[in-house]
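I opened this structure to look up how its side chains pair and where they sit. These are my notes, in the order I took them.

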Amino acid sequence: MAPFLAFIDAIQPVSPALAQALTAVVRREILPARHLLLQPGDVARRVYFLETGLVRGYTLLHGREVSSWFMQAGDFVISILSFFTQQPSAENLELLEPAVVHSITHNELQQLYHDFPEFNYVGRKLVEKYYVLSEQRTQNLRSRTAAERYELLLRDFPTVFQRVALQHSDHRQFQIKAYPRK
């Protein structure tokens, strides 16, 4: 729980009451590689914080897996559309490495926002961070060639090929959505 609380505390100092509430609801799990956090048709009920590990988001297109993004330790993992609308997902979230994750349900998150107004600031800062990065990725998809996106992947995520099987990162189809480290 300490890495998760430290991450949150770096965004906004956590009051003792909020730390106690988070400790009560956040679930810590050790999960194996290849574990699916979400499958198409399921509703994303949890948002995950990766203490360790690597996650791939992908969809099936004409029977072929198309990787959309990778997330690594220190990142939050979520199927945004499914989680916030509580509708079935169209994507898979798969652990590519053994991982330690901390998660919270949609309902628990909403209750924390209600009970602890300071936690809303944390949520807003995280949404801002990931929305800006998403917009950067979208612009790259519109304005860069596949080869240029591949080079950005290597620049922003230099260990990708030591951690990701080649079939998951084919530069001809890959939509780079790995979050760059700032």
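**Salt bridges**

I searched the whole structure for salt bridges and found seven. I count a salt bridge when a side-chain nitrogen of Lys or Arg is within 4 Å of a carboxyl oxygen of Asp or Glu. The model is predicted, so I keep its limits in mind: local features need pLDDT of at least 70, side-chain atom pairs count only at pLDDT 80 or more, and totals for chains, interfaces and linings use all residues. Residues are numbered from 1 along each chain as its sequence is written, and side-chain values use heavy atoms, with hydrogens and water left out.

I looked up R56 next. R56 pairs with E65 in a salt bridge, with 2.7 Å between the closest N and O atoms. Is R56 buried or exposed? R56 is buried, at a relative accessible area of 1%. My cut-offs are these: buried is under 20% relative accessible area, exposed is over 50%, and partly exposed is in between (1.4 Å probe, protein chains only). E65 is partly exposed at 33%. R56 also lies over the face of Y58, 3.8 Å from the ring centre. For that I require NZ of Lys or CZ of Arg within 6 Å of the ring centre and within 35 degrees of the ring normal.

R27 forms a salt bridge with E29, and their closest N and O atoms are 3.2 Å apart. R27 is partly exposed at 38%. E29 is partly exposed too, at 22%.

K125 forms a salt bridge with E128, at 3.5 Å between the closest N and O atoms. Both lie in helix α5 (residues 117-143), three residues apart, which is about one turn of the helix. I take helices (H or I, at least four residues) and strands (E, at least two) as DSSP runs, numbered from the N terminus. K125 is partly exposed at 32%, and E128 is partly exposed at 33%. Shared partners join the salt bridges of R34, R56, E65 and E94 into one network.

**A buried arginine**

I then checked R46, in strand β3. R46 is buried yet has no salt bridge. Which side chain of opposite charge is nearest to R46? It is E108, 4.3 Å away. Here Lys and Arg count as positive and Asp and Glu as negative; His and the chain ends are not counted.

The side chain of R46 does make a polar contact of 2.7 Å with that of S103. A polar contact is a pair of N or O atoms within 3.5 Å; within protein, one must be able to donate a hydrogen and the other to accept it, and residues adjacent in sequence count only if both atoms are side-chain atoms. Beyond its neighbours within four places in sequence, R46 touches R27, F83, S103, I104, T105 and E108. Contact means heavy atoms within 4.5 Å.

**Aromatic pairs**

I counted seven aromatic pairs. Rings of Phe, Tyr and Trp (its six-membered ring) pair if their centres lie within 6.5 Å; planes under 30 degrees apart are stacked, over 60 edge-to-face, the rest tilted.

F4 and F49 form an edge-to-face pair, 5.6 Å centre to centre with 65 degrees between the planes. F4 lies in helix α1 (residues 2-11) and F49 in strand β3 (residues 46-52), so this pair ties together parts 45 residues apart in sequence. F4 is buried at 5%, and F49 is buried at 3%.

F49 also pairs with F76: the centres are 5.2 Å apart and the planes at 55 degrees, so the pair is tilted. F76 lies in strand β6 (residues 76-77), so this pair ties F49 in β3 to a part 27 residues away in sequence. F76 is buried at 12%.

Ring pairs link F4, F7, F49 and F76 into a cluster. F7 is in helix α1 and is partly exposed at 21%.

**Two loop residues**

Most residues other than glycine have a negative phi. R34 has a positive one, about 75 degrees, and is not a glycine. R34 sits in the loop between β1 (27-31) and β2 (36-38) and is exposed at 58%. H62 also has a positive phi, about 55 degrees. H62 is in the loop between β4 (54-61) and β5 (64-72), exposed at 80%.
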